[in-house]
Amino acid sequence: MIEARHLRVLRAVAATGSFSAAARELGCTQPAVSQQMKALEQSTGTPLLIRTGREMRLTQAGEVLVRHAAGILAGLTAAEEEVAAIAGLRAGRVRLVSFPSGSSTLVPTALAALRAAHPGTRVSLVDAEPPRSVEMLREGDCDVALAFRYGPGGATEDWTDLVVRPLLTDRLVGLVPEGHRLDGAGTVGIGELAEEPWIAGCPRCRRQLVEVCESAGFAPRIDFATDDYPAVIGLVGAGLGVAVLPALAMESVRHKAVRTVAVEPAVQREIVALTLPDLAQVPAVAATLDQLALAAAR
């Protein structure tokens, strides 16, 4: 009989490469990890790990078990949560991962409403950009992932194994310093910024910027690049360059020395909430998806 706690230990050992590191991650002792791994190998009747000095690597059987572990554990979580709801416990746990501009805009409104409606539901929040956030969901490290993809090319991303809840369409806007020659312009073509120094954002936004500029016939001269949206806005405000950022990122950050302009051709990203099919049936997860949709509609 394979036990869920043994699968969690196996995943931790596979991810960290040692019993001691897995023990630190799980908050237990190294002997406890060793004992649980021994019990799992006895249950399966075959070695799952090859020990070479201080390092561990998976056998073929171990690789198969780790590959199935995320789905098994997600299914167990779904079962536990549904049973708890049926039993009338009115409790739940949701592990949410979100990209930074979503964390500062959509998430606070959604979680405040969720707490008011379901005070027994506990929600944890971790920041991660896609595709890492989507990987975390598939690996069983979160229950809901707030993610985005650029269209139309972004539609090729394979989310067919996930439940996709569309939330909103977010357009990229141009940022120029106060007093810039385009300060006050309603709409500008991206080509009008061809000779400007650029401040680039997150890796995916940076890649999208380069693709859009190249389609307009130029390669942007990127002087600065940072994943921190307030830093991008601050650099533009200091007159060090121009930028394009998602409109959502501008909602929580204001800078008096920065002006926004609409950029053509329009570049949009689709904001979605993702979860696994089993988890979508969990009441606390379903309520979180609903509140994220309501927050996006406001």
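Analyst: Contact here means that heavy atoms lie within 4.5 Å. The model is predicted, so local features are described only at pLDDT of at least 70 and side-chain atom pairs only at pLDDT 80 or more, whereas totals for chains, interfaces and linings use all residues. Residues are numbered from 1 along each chain as its sequence is written, and side-chain values use heavy atoms, with hydrogens and water left out.

Helices (H or I, at least four residues) and strands (E, at least two) are DSSP runs numbered from the N terminus; the chain has eleven helices and twelve strands. Buried means under 20% relative accessible area, exposed over 50%, and partly exposed in between, with a 1.4 Å probe and protein chains only. By this criterion, 44% of the 298 residues of the chain are buried.

Two strands pair if DSSP finds at least two bridges between them. Strand 5 pairs with strand 3 (residues 92-98) in the parallel sense, over three bridges. With strand 12 (residues 268-275), strand 5 pairs in the antiparallel sense, over six bridges. L146 takes part in both pairings: S98 stands opposite L146, and A273 is the bridge partner of L146 in strand 12.

S103, found in helix 5 (residues 100-103), touches S98, P108, L125 and D127, residues up to four places away in sequence not being counted. S103 is buried, at a relative accessible area of 12%.

Strand 5 is also part of the cover over helix 11. The buried residues of this helix are covered by elements including strand 3, helix 6 (106-117), strand 4 (121-127), strand 5, strand 6 (163-177) and strand 12. Helix 11 (residues 283-297) has 15 residues and reaches 21 Å from its first C-alpha to its last, close to the expected 21 Å; the expected span is 1.5 Å times one less than the number of residues. Its buried residues are A284, V285, A287, T288, L289, Q291, L292, A295 and A296. An α-helix has 3.6 residues a turn, so residues three or four places apart point the same way. Q291 has a relative accessibility of 14%. Neighbours within four places in sequence aside, Q291 is in contact with A110, A113 and L114.

For the whole chain, residues 24 or more positions apart account for 71% of the contacts with a separation of 6 or more. The C-alpha atoms fill a box of roughly 70 × 50 × 30 Å along the principal axes.
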